[in-house]
Amino acid sequence: MTERGLVVGEDGRTRCAWHGGLEDYRRYHDEEWGHPVTSDHRLFEKICLEGFQSGLSWLTILRKREGFRAAFAGFDFDRVATFDDADIARCLADAGIVRHRGKIVSTINNARRAQALRDEFGTLARYFWGFEPKPEERPARMDWETLSANPTSPTSVRLSKDLKKRGWTFVGPTTVYAFMQAMGLVNDHVEGCFCRAEVEKKRNLLARP
């Protein structure tokens with residue numbers, strides 16, 4: 001009998017159930033979510049997209065991700081930092097993204113804040129991975145009940161506060177925790193999901209920035 005929060009796919013593999021059987025969402029679960037990321041562009045992209053996701057479903061953002069990449073110069077934060085009012089107007093007219101002025105302006109602001117982080121820490125990765133939780137801060141067992149009951153963590157609260165202090169926007173504790181989950185700063189694949197062991201192996205082999 002499969003535990004709550006897990007599902008056995010047509011390929012016979014047991015995985016987290018939240019992908020809902022949707023092919024693109026399943027691929028995201030299997031190939032991306034939780035796998036550790038140290039690329040500055042990918043880290044910047046993800047924290048911006050998590051901001052756009054606020055109030056929406058991640059699936060909505062995932063299915064528009066290529067549109068976002070086109071609109072925001074591949075999330076090259078040096079390029080996004082130069083965006084002006086004409087770029088804001090362009091983005092507001094772009095049906096390929098979520099046309100929310102506040103979130104568009106936030107992405108441009110955060111690109112400039114990302115430049116400041118890079119200047120201070122050398123890379124965004126070094127900054128963000130500096131907030132990787134210690135083992136004692138993590139649940140002893142990641143089951144569905146634990147995962148669903150904890151949309152934030154003490155670490156995500158600390159990271160959120162620090163980012164806000166540095167001028168970042170749309171980086172509340174829930175948004176930041178979703179970012180940490182996706183980028184592999186924590187491994188929140190449910191126990192029994194085949195990805196959990198794969199992700200943990202990658203995390204163990206990772207040369208921390």
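Colleague: Before we start, what does "partly exposed" mean here?

Modeller: Buried is the word for under 20% relative accessible area, and exposed is the word for over 50%. Whatever falls in between is called partly exposed.

Colleague: Okay, so is phenylalanine 170 buried, exposed or partly exposed?

Modeller: Keep in mind that this is a predicted model. Phenylalanine 170 sits in the loop between α10 (154-165) and α11. Its relative accessible area is 34%, and because that value lies between the two cut-offs, phenylalanine 170 counts as partly exposed.

Colleague: Which residues does phenylalanine 170 touch, leaving aside its neighbours within four places in sequence?

Modeller: Contact here means heavy atoms within 4.5 Å. By that rule, the partners of phenylalanine 170 are Gly51, His100, Gly102, Lys103, Ser106 and Thr175.

Colleague: Let's talk pockets. Which element gives the largest share of the lining of the largest pocket?

Modeller: The largest pocket holds about 510 Å³ of space. Of its 20 lining residues, the closest to the centre are Tyr25, Trp33, Trp58, Ala178 and Gln181. Elements giving two or more residues to this lining are α1 (23-31), α2 (40-53), α9 (144-149) and α11 (173-183). The largest share, six residues, comes from α11.

Colleague: And how many charged residues are in the lining of the second largest pocket?

Modeller: That pocket has a volume of about 200 Å³. Its lining includes Glu132, Arg138, Arg196, Glu200 and Arg203. Sorted by type, the lining has six nonpolar residues and one polar, and the number of charged ones is five.

Notes: Residues are numbered from 1 along each chain as its sequence is written. This is a predicted model: local features need pLDDT of at least 70, side-chain atom pairs count only at pLDDT 80 or more; totals for chains, interfaces and linings use all residues. Side-chain values use heavy atoms; hydrogens and water are left out. On a 1 Å grid over the protein atoms alone, a cavity is a set of points where a 1.4 Å probe fits but cannot get out, and a pocket is an open set with protein on both sides within 12 Å along at least five of seven lines; lining residues have an atom within 4 Å of a point. Grid points are joined across faces, edges and corners, and a volume is the space filled by probe spheres set on the points. Helices (H or I, at least four residues) and strands (E, at least two) are DSSP runs, numbered from the N terminus. Ala, Val, Leu, Ile, Met, Phe, Trp, Tyr, Cys and Pro count as nonpolar, Asp, Glu, Lys and Arg as charged, and the others, Gly among them, as polar. Buried means under 20% relative accessible area, exposed over 50%, partly exposed in between (1.4 Å probe, protein chains only).
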